Amino acid sequence: MKVRNNWQIECHHSPETIDRILLPIRKRGLSVISLSYKQAEGTDATCNIEFETEENDVERVYKNMLRIQDIKSVNKIS
């Protein structure tokens, strides 16, 4: 069963950050429903991402997201 995920990601801002955020999602053949990215102060940024995935893949995507070097935290909103 597919579930909708809405996450807020605090990250280090760089030209490659969005690609790195999308990588764990795209490599599973999933598509993003919505994405907003905003640079905060200096080198910090916030990304809100919404995507749909199978229930059993959510934890794997989450763990892979935390391993990305530019990501500071991932908060599951829903």
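Is K76 buried, partly exposed or exposed? With a relative accessibility of 40%, K76 counts as partly exposed, where buried means under 20% relative accessible area, exposed over 50%, and partly exposed in between (1.4 Å probe, protein chains only). Do keep in mind that this is a predicted model, in which local features need pLDDT of at least 70, side-chain atom pairs count only at pLDDT 80 or more, and totals for chains, interfaces and linings use all residues. Residues are numbered from 1 along each chain as its sequence is written, and side-chain values use heavy atoms, with hydrogens and water left out.

**Salt bridges**

- The model has 5 salt bridges, each a side-chain nitrogen of Lys or Arg within 4 Å of a carboxyl oxygen of Asp or Glu.
- One of them joins K76 to E59 (3.4 Å, N to O). K76 lies in strand β4 and E59 in helix α2, so this pair ties together parts that are 17 residues apart in sequence; helices (H or I, at least four residues) and strands (E, at least two) are DSSP runs, numbered from the N terminus.
- D70 and R20 also meet through their side chains (2.4 Å, N to O). D70 sits in the loop between α2 and β4 and R20 in helix α1, so the pair connects parts 50 residues apart in sequence. D70 is buried at 8% relative accessibility, whereas R20 is partly exposed at 27%.
- K72 pairs with D44 (2.2 Å, N to O). Here strand β4 holds K72 and strand β3 holds D44, 28 residues apart.

**Helix α1 and its cover**

- In α1 (residues 17–26), the buried residues are T17, I21, L22, P24 and I25. They span an arc of only 150° around the axis, which puts them on the same side of α1; the arc is that of the directions from the helix axis to the C-beta atoms.
- An α-helix has 3.6 residues a turn, so residues three or four places apart point the same way.
- Cover for these buried residues includes β1 (2–12), β2 (32–39), β3 (44–54), α2 (58–66) and β4 (71–76).

**Cysteines**

- There are 0 disulfides, a disulfide being a pair of cysteine sulfur atoms within 2.5 Å.
- The sulfur of C11 is 6.3 Å from its closest cysteine sulfur, in C47, which is too far for a bond.
- C11 is buried at 1% relative accessible area, and C47 is buried at 0%.

**E50 in strand β3**

- E50 lies in strand β3 and counts as buried at 16% relative accessibility.
- Beyond its neighbours within four places in sequence, E50 contacts R4, N5, N6, V32, I33 and S34, contact meaning heavy atoms within 4.5 Å.
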